[in-house]
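This report describes selected features of the structure shown below.

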Amino acid sequence: MTFWRDVFAWFTTSANWQGVDGIPRRLWEHVALSGSAVLIAVVLALPLALVLGHLGRGGFLAVNVTNVGRAVPSFAILVIAQQITRDIGTKPAMIALVALAIPPILTNTYVGMRAVDEELRESARGMGMTGRQVLTQVEAPLAAPVIMAGIRTAAVQVVATATLAALIAGGGLGRFIIDGFAQQDNVKAFGGAVLVALLAVVTELTLGFVQRRVTPGGRVEERPVVAEVGPAGGVAALPARAVQAVLPARP
Amino acid sequence: MQEALPCAATDAWLCLDWVGDHTDEIGAALRQHVELTVVAVVIGMLISAPLSLVAWRHKRAGAAILSVTGILYTIPSIALFGLLIPFSGLTFQTAEIALVGYTLLVIIRNVLAGLEGVPDDVRESARGMGLTPTQQLLRVEIPLALPTIFAGIRSATVTTIGLVTITSLITLGGLGNLILDGLRRDFRTPLVVGSVLSLALAVVADLLLVGLQRLLTPWARGAAAG
Amino acid sequence: MSRNHGTKLAALLAALAVVLTACGGDSGDAKDKTSTKSASAGNAKDKKIVVGAANFAENQILAHMYAKVLTKAGFKTKVQTGDLTRETLSTALQAGDIHLTPEYVGTDTEYWNKEINGAKAKALASSDVKKSAAALRKLLAAKGLVAYEPSPAADQNAFAVTKKTAAKHKLAKMSDLGKVASQLTLGGPAECPKRPFCQPGLQKTYGAKFKEFKALDAGGPLTINALTAGKIDVGLVFSSDGSVAAKGLVVLADDKKLQTADNIIPVLRKDVDSAELKAALNALSAKLTTKALQSLNKAVTVDKKDPDEVAEAWLKKNGLL
């Protein structure tokens with residue numbers, strides 16, 4: 001019972017809410033790192049995948065990049081980034097996080113674009129729309145829910161892996177957990193864990209809300225057909241309707 | 001004193017002589033990794049089975065189960081370890097509780113999706129043949145849902161293999177120990193070996209599961225299954 | 001359509017689960033409290049002695065050395081490594097998950113001092129090895145632990161900067177840090193902000209309040225690389241680290257003697273204490289020197305050799321194996 005009292009004390013000690021090692025600062029570091037990584041990944045992957053999806057090219061790559069990506073542990077990617085850059089802190093962490101965020105965004109965007117009904121595409125072209133117009137006015141809006149699902153997947157995975165950045169002298173909420181382990185301070189580690197868990201859930205729910213907003217009809221499918229995935233096999237036959245593609249690989 | 005390993009003192013990504021000298025350690029790490037993974041996935045399947053059936057039969061309970069396992073799935077693994085350690089210590093059990101937890105959402109979701117995907121006319125003919133709901137489930141629906149269920153098991157397995165590496169931070173680790181060693185010692189070879197073997201293990205596990213799936217669903221072989 | 005596939009699959013899985021759960025339970029061996037707690041006085045050699053090593057090269061080398069000389073003396077041993085710190089090891093030592101660990105007189109004395117007498121307790125360790133060791137033994141006794149003889153070999157915390165930083169801020173000794181610390185970043189192990197001979201000590205003894213602290217590792221490659229790459233200005237290194245000079249780093253002299261006598265000393269549970277154990281470990285401690293530690297450390301951290309091999313080679317060379 002003293003453990004719970006200590007945890008409560010940790011959360012209510014004002015010293016823990018101030019300064020470089022305070023909760024607000026660490027929370028901000030975590031959100032900033034995660035947000036930037038997802039943003040960069042979107043900028044890098046989204047346009048490419050939209051075009052590939054529109055043209056129907058590069059499908060093998062677009063789909064299997066996630067299959068392979070999920071099979072490489074995020075912990076490994078983080079340490080490899082540290083070794084490649086020979087650096088610590090934000091830079092290698094950012095590189096690793098962007099690398100982790102790209103596959104789900106790439107794959108989902110491609111899959112979402114391909115899943116658009118071919119007849120719709122043809123009638124749009126028949127109406128005289130250019131390729132670009134078809135992409136922006138027909139395909140992308142229809143693919144939006146799946147694209148959003150991909151961004152949501154990426155975001156949750158990034159928030160989780162950003163926790164490990166503490167191992168390479170990064171900041172963020174992971175500091176409480178890693179330092180807590182090292183200092184045998186179970187209360188600090190637990191407190192940090194609660195904060196990280198809350199942040200991850202909030203991220204998932206918030207982006208889920210956004211996903212619902214961009215879904216025509218407003219409802220996200222509760223039990224979509226899950227595409228068959230795995231490093232050994234590509235995606236099986238896709239249904240014509242929107243597919244909620246791969247679930248996030250846990251870090 | 002031996003000669004300094006010329007390779008290890010450089011920045012080489014892979015020193016084969018180190019690998020050759022440490023096959024025991026690598027083998028032990030691999031074995032531990034496989035053990036942690038298999039236990040997690042099997043227990044995950046055992047727990048998911050009844051939960052899936054409950055969710056299948058009772059929609060409201062199903063929604064609750066999916067919510068809870070969904071939240072569990074969202075919690076980052078190092079955080080989940082941090083939440084469990086004050087109660088279950090730095091043990092195999094702590095790691096497994098977390099690892100099993102992560103398999104639940106994926107497997108249950110896929111079981112439900114698979115069952116839902118059974119064509120209505122097949123269900124009706126089963127009913128017409130006089131099968132009870134349980135017989136229908138065991139003899140018709142589950143076998144037809146197997147490809148989707150397997151997709152879930154494959155996904156859960158690959159995910160678990162990745163997560164096991166993080167258990168190196170709580171004194172277990174499997175191949176994660178090699179990765180952590182690489183970080184701690186500024187030594188690229190164990191890092192590369194640990195990473196490559198994790199990837200290879202995921203591919204092999206996936207292939208084995210696909211093989212098992214084909215064995216158990218001979219009628220699906222003609223289809224486009226991956 | 002096969003009628004029995006669903007049931008066959010279920011049976012197969014159940015069997016697998018039973019087998020694997022049985023296996024899974026055993027692999028928690030090192031952490032299994034019940035197997036290491038037997039306190040029988042006779043048959044001291046039947047009990048497996050678990051030697052715990054902290055997460056840096058030197059401690060791992062020492063732990064392997066302890067294990068090897070004990071094995072030679074007829075004991076069953078096992079070395080427990082991992083990402084472990086003094087705090088984790090102390091918990092494990094008290095719980096009986098490990099039995100023995102190589103410690104450092106001064107630092108360990110103050111660690112137990114704070115644990116037992118509170119955070120504001122008056123310092124008991126000093127640069128006098130004998131006095132500090134005596135104080136340590138008294139503290140350990142309260143926890144059912146004992147310590148053998150300290151070795152002439154010592155390794156304490158040291159703080160290093162690059163030659164460039166030393167020139168820029170005119171740093172030669174630790175006292176010089178007081179004025180400029182607020183512009184500098186300190187790097188060290190994650191425990192540093194809580195360790196009396198690390199960050200708090202720097203502030204108290206030298207008035208050095210750093211701009212920022214970065215958690216890296218315990219005097220290992222992350223810290224050393226961060227120093228040479230300019231990511232941190234001051235880094236915690238170990239005085240027995242062989243690579244410091246080689247990397248062009250300058251160790252600041254501890255002029256106010258913040259660090260105490262950190263001679264290597266075996267700390268163990270009373271229930272594994274025996275005359276033979278003592279003889280084996282004391283013989284080893286007597287032969288160790290700081291110089292030996294430096295070359296052993298270099299072999300592991302720079303040449304990437306295994307602590308195990310390095311320990312074995314040194315023991316053989318010195319007639320202890």
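## Chain composition

Chain A has nine helices and zero strands in its secondary structure. The model is predicted. Read from the N terminus, the order of elements in chain A is α-α-α-α-α-α-α-α-α. Buried residues account for 54% of the 251 residues of chain A. Of the contacts in chain A between residues at least 6 apart in sequence, 72% link residues at least 24 apart.

Chain C has 13 helices and 10 strands. In this chain of 321 residues, 50% are buried. Contacts between residues 24 or more positions apart make up 77% of those in chain C with a separation of 6 or more.

## A helix pair in chain B

Packed helices are described by the angle between their axes and the distance between those axes. In chain B, helix α3 (residues 59–74) and helix α5 (residues 92–116) have axes that come within 8 Å and cross at roughly 135°. Because of that angle, α3(B) is oblique to α5(B). The crossing of α3(B) and α5(B) is left-handed.

On the α3(B) side, the residues in this contact are Ile65(B), Leu66(B), Thr69(B), Gly70(B), Leu72(B) and Tyr73(B). They meet Gly101(B), Tyr102(B), Leu104(B), Leu105(B), Ile108(B) and Arg109(B) of α5(B). By type, the residues of the contact between α3(B) and α5(B) are eight nonpolar, three polar and one charged.

## The five-stranded sheet of chain C

In chain C, an open sheet is built from five strands in the order β7-β6-β8-β5-β9, with mixed pairing. Its edges are β7 (212–215) and β9 (249–251) of chain C, each of which pairs on one side only. From one strand to the next, the twist averages 35°.

| Strand pair | Sense | Bridges |
|---|---|---|
| β5(C) and β9(C) | antiparallel | three bridges |
| β5(C) and β8(C) | antiparallel | four bridges |
| β6(C) and β8(C) | parallel | two bridges |

Strand β5 of chain C covers residues 157–162. Thr162(C) is opposite Leu249(C), a residue of β9(C). Ala160(C) has Gly235(C) in β8(C) as its bridge partner. Gly235(C) of β8(C) is also the residue opposite Gly187(C).

How many residues of β8(C) are buried? Five of its five residues are, and the strand is mostly covered. In a regular strand, side chains alternate between the two faces of the sheet. For β8(C), one side carries Val234(C), Leu236(C) and Phe238(C), and the other carries Gly235(C) and Val237(C).

Note on methods:
Residues numbered from 1 in each chain as written. Chains lettered and ligands numbered in written order. Predicted model: local features only at pLDDT ≥ 70, side-chain atom pairs only at ≥ 80, totals over all residues. Pairing = 2+ DSSP bridges. Axes fitted to C-alpha atoms, helices over the stretch in contact; angles between N-to-C directions. Buried ≥ 20, exposed ≤ 12 C-beta atoms within 10 Å, placed from the backbone. Contact = placed C-beta atoms within 7 Å. Parallel < 35°, antiparallel > 145°, perpendicular 65-115°, else oblique. Left-handed = near helix turned anticlockwise from the far one by under 90°. Nonpolar A, V, L, I, M, F, W, Y, C, P; charged D, E, K, R; others polar.
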